[in-house]
Amino acid sequence: MMNSSQLFNYTTAAYLLSAIFYIGLLVFRQKKVGLIGLFFASVGLLIHTGALGLRWKESYDIGIGHAPLTNMYESLVFFAWCTTLFYILLEIKFKARVLGAFIMPLAVTTMAYASLSTKISQDISPLIPALQSNWLLAHVVTCFIGYGAFAVAAGIGFIYLLKHFAVKRKLSQNHLLSTLPELPVLDDLTHKTIIFGFMWLTAGIITGAVWANEAWGTYWSWDPKETWSIITWFVYALALHARFTRGWDGPRIAWLAIIGFFSVFFTYFGVNFLLAGLHSYGAS
């Protein structure tokens, strides 16, 4: 019988094919190639969803019984799921298909790293007492939906800077970068995606504080993860504040989207691997 690890491998293969076809769309500008990229991304997401559900069931089958969100391996595959889901919904709504050439490679890399890294255990382990709470789902899900949106925002910000470079250099209309959406479209997508991620990150911080109070008797303890979470929150708050009050747009918002994601990346990886604290269990 197939297990969740095999399904995650199939997911990675589907995402890889999706990324290849999206890159093909960027290079060859054939609409059908982009549709195939969306097809493989959607199939991969369905398999991915089934794999998460099966891993949850496997946890109960071995007598542990918890959602697959409690260690680095599980959070990585969930991050890839959130990023892909958000990207597909964005593509369907805004028809910006070529963005997949920059977003789907991130999903593939995340899944491959989770599967191949020797530093990450794929075992299903019992929960430590602090994680045995109904707030686990609320906190992790809200944070990672935000992380997925910020990953997409950083990708769009990077694309904006490439397009901006092409426009400034007055490159030919036949240049590869001319296939990218127009600058105002990319700027608007970056802004809306940051707003979406910011709302979810805020919810994640609030649910985390409530959970911390339940587990350790205090809402906030300046644990390294908490400190970097609030730094990340301020980076995106600054971006939105500058947008609304100063009219910042274009390259400045694109750079803030990228800087914000670096902060997300350090909050997620750097803190777990480099700094000891209440969240150190996440590195296992």
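## Ground rules

Contact here means heavy atoms within 4.5 Å. The model is a predicted one: local features need pLDDT of at least 70, side-chain atom pairs count only at pLDDT 80 or more, and totals for chains, interfaces and linings use all residues. Residues are numbered from 1 along each chain as its sequence is written, and side-chain values use heavy atoms, with hydrogens and water left out.

## Glu91 in helix 3

Let's start with a charged side chain. Glu91 sits in helix 3, residues 72-94 (helices are DSSP runs of H or I, at least four residues, and strands are runs of E, at least two, numbered from the N terminus). Is Glu91 buried or exposed? With a relative accessibility of 1%, Glu91 counts as buried (buried is under 20% relative accessible area, exposed is over 50%, and partly exposed is in between, using a 1.4 Å probe and protein chains only).

Leaving out residues up to four places away in sequence, Glu91 touches Tyr22, Leu38, Ala96 and Arg97. For Leu38, the C-alpha to C-alpha distance from Glu91 is 8.7 Å, across 53 residues of sequence.

## Helix 4 and its cover

Helix 4 runs over residues 100-116, and its 17 residues should span 24 Å at 1.5 Å a residue; the end C-alpha atoms are 23 Å apart, which agrees (the expected span is 1.5 Å times one less than the number of residues). Its buried residues are Gly100, Ala101, Ile103, Met104, Ala107, Val108, Thr110, Met111 and Ala114. Helix 1 (4-28), helix 2 (31-61), helix 3 and helix 5 are among the elements covering them.

## Ile156 in helix 5

Over in helix 5 we find Ile156, which counts as buried at 0% relative accessibility. What does Ile156 touch, not counting residues up to four places away in sequence? The list is Leu90, Leu99, Leu186, Leu189, Thr190 and Thr193. Ile156 and Phe102 are 54 residues apart in sequence, yet 8.0 Å separates their C-alpha atoms.

Buried residues in helix 7 are Lys225, Glu226, Ser229, Thr232, Val235, Tyr236, Ala237, Ala239, Leu240, Ala242 and Arg243. An α-helix has 3.6 residues a turn, so residues three or four places apart point the same way. The cover over the buried residues of helix 7 includes helix 5 (135-168), helix 6 (183-216) and helix 8 (251-274). Just past the end of helix 7, Gly247 has a positive phi of about 70°.

How do helix 6 and helix 7 pack? Their angle is about 145° and their axes are 10 Å apart (axes are lines fitted to C-alpha atoms, for helices over the stretch in contact, with angles from 0 to 180 degrees between N-to-C directions). On the helix 6 side, Asp187, His191, Ile194, Ile195, Phe198, Leu201, Thr202, Ile205 and Ala212 meet Glu226, Ser229, Thr232, Trp233, Tyr236, Ala237, Leu240, Arg243 and Phe244 of helix 7. That contact has 11 nonpolar, 4 polar and 3 charged residues (Ala, Val, Leu, Ile, Met, Phe, Trp, Tyr, Cys and Pro count as nonpolar, Asp, Glu, Lys and Arg as charged, and the others, Gly among them, as polar).

Leu240 is buried, with a relative accessible area of 8%, and touches His191, Ile194, Ile195 and Phe198 when residues up to four places away in sequence are set aside.

Searching the whole structure turns up 0 disulfides (a disulfide being a pair of cysteine sulfur atoms within 2.5 Å). Cys82 is in none, and its nearest cysteine sulfur, in Cys143, is 10 Å away.

## Two loop residues with positive phi

Most residues other than glycine have a negative phi. Arg29, though not a glycine, has a positive phi of about 60°; Arg29 sits in the loop between helix 1 and helix 2 and counts as partly exposed at 36% relative accessibility.

Lys95 is another non-glycine with a positive phi, near 60°. Lys95 belongs to the loop between helix 3 and helix 4 and is exposed, with a relative accessible area of 63%.
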